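Biologist: Pick one spot in this model and walk me through it slowly, please. After that, tell me how the rest of the chain looks.

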Amino acid sequence: MTLVLHNHRASLISFFLLIFFTLTQDGLAQEMPKRELRSTWIATVSNIDWPKNADKGNPEAQKADLIEMLELYQSINLNTIFLQVRPECDALYNSAYEPWSRYLTGNQGTYPGYDPLQFAIEEAHKRGIEVHAWMNPYRINASTSDGTGYYDPEHVYVEHPDWAMVYASGRKILNPGKPEVMQYIGMVVRDLLSKYAVDGVHFDDYFYSYDGTPVELDAAEYLLYGDNMSLSDWRRHNINRMIDTVYRVIQEENPQVRFGVSPFGIYKNGVPSGINGLDAYNRIYCDPLAWLEAGNIDYLTPQQYWPTGGGQDFETLTNWWADTIHHFGRHYYPGHGTYRLSSNPPLKKTRQEDQMLHEFKGYFDHDSDNYSYLEKQLKGTGDPVAEWTLSQIGLQIEIVRQNREENALGSVFFSAKDFQRVTGLADYLVQNKYTQNALWPEMTWKADPAPTAPQNITATDVLGEFFLSWTHAGEANTRYAIYSTTQNLSAANIISDVANLKGITFNTQYPFTGLSVSADTRIVITAISPVGAESNPSAIYLVDVNLPLVSLLEPVNNAIIPETQILSWESGLAGATYQFQISVMENFSTVTFTSQWISDTTAAILPLGLNGETEYFWRVRAKTDDAAGPWSESYAFTTGYPTTPILNSPENLAQNISTTPVIRWTATNNADNLVVEVAES
């Protein structure tokens, strides 16, 4: 909207502009899939995501930070984390073989004052979030400046220096060609599974080095074990045997644990047609198709950190990976490069970090004029591609969902800090792509019958807060799905609609504050096995009318309201106080306003600063002397008054403006008139 003013000295100018608008609709809301893995990598190496570098040696700060992260992920309906627990042959858990990680305290081998993995499992499971233990199978050192004091005396490199391959850069990895290395990795994984209720084991793409592995580094082992294979085939064979070993260990120790790997996003240069870039098959000897063919993997998460378009087109890669993985009957959850989103503030990385850490993802860049020839080969072609925006991430999620019939059943984001670093990313996902909870995809090839249904659902007062409680004779690590509706439906029909899925937990109780209920709310609970098999529904629980329930009065549901509207409700409770919430999300995953506890049963919306022409949801709960009750069911209203225009130019306090200024603003979409005022004071 542009207005040219000629009488700029007028003390006040008011006039009305009649505006004609065309209302548009973005389309019907897409139904969210009921089953979808939604995860993020939490990188601990070099303190990339957690714990913070400033929190080394401070267990309470580390715990608080992880809880904050988990609560954010729960609020945006993520259901899994890939937590890096073995970044450099060390441990963020109590390992029988390897020292405590330096990234906890600053010194390798120093006890951090708590067990980070156990703490993460307990806190994640409270929030209905799975934990997959992300382990680097071979890497010895993240920093090539690993002089005196870098390694704990019990580190595998100190005890078995002959197991290491040492590159010219100073990078060190366990030699994949040594049988004792393969056995050692299997022992490490077995030890972890014997102690921790992890939901999965996850490897990334740290196999042979991206720098390229000279022949002399493993010539002795090739001579002993090459068995007439080419060097490249033998090296791939070593990786394949290690993957097979780990999968067998998992089946022996706990076959319900899922095993996944996140290989480089391009299988081979030129595969599929039109795709070009680093040939991981020949450089790091990574052959995920061999793992699929052998049945030694449950899921693949190729690191597809490119946008749509160009020689590494996300859509082309997704279609190929989905078809290929579906052929072998396994799951596909591609990785998305949210680290590329530059906002508040841009991700900072140094050239040294690019060279030493794959977690910094320097290999995926295309603007490589200032890099060496080798680095340019690693980075790709530099073809023109789409801009990195929130909508690009949304587009990628939709491309994945379009391949659901080919077992494309989720997404993983690199990395965890992006949800706090990038302005609007968390809100964008929950408001557009993850508007509902989702269960994990079921792995039908893993023998695990569906659990029995939960029983004996009741409302229980726990320390002044009401919880939904139930009993279940399930196995360890069973999780539960809570469904609710006010419709008079059968239990089977209630659980068939993803919109009724209101919560997920690993406990046999769930706070009513996570639900919105009324006297006619019907609640059903199912049990979910560790590999995703869902039980029959429980008997329907009709909300107990003896709970401190609230009924909403005005505005009625789906009303269009003026700015002078009053919210009102009733409860029939003597001496109760009330709290109300307003959100743009029906499931209140983000909250616009939460009131204090008040004794009135009315509240004016004018002081709340709500936007015009916006749909909101509101709910109320009551508190008596005994306890706070559950939230009421939510009603929707739309503010009927126009959105406040936003002034664009001239900028605030601008100087030397023309005597015939052009004033620009972002107009409202649904106003009859606009008033423009200009004054000297």
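Modeller: Let's start with Pro153: setting aside its neighbours within four places in sequence, it is in contact (heavy atoms within 4.5 Å) with Val158 and Glu159. Before going on, this is a predicted model, in which local features need pLDDT of at least 70, side-chain atom pairs count only at pLDDT 80 or more, and totals for chains, interfaces and linings use all residues. Numbering runs from 1 along each chain as its sequence is written, and side-chain values use heavy atoms, leaving out hydrogens and water.

Pro153 belongs to the loop that runs between strand 5 (130–135) and helix 4 (156–159); helices (H or I, at least four residues) and strands (E, at least two) are DSSP runs numbered from the N terminus. With a relative accessible area of 60%, Pro153 is exposed (over 50%; buried is under 20%, partly exposed in between, using a 1.4 Å probe and protein chains only). Gly109 lies 44 residues away from Pro153 in sequence, yet their C-alpha atoms are 8.3 Å apart.

Now for the rest. The chain holds 16 helices and 31 strands, and 55% of its 681 residues are buried. Of the contacts between residues at least 6 apart in sequence, 73% link residues at least 24 apart.
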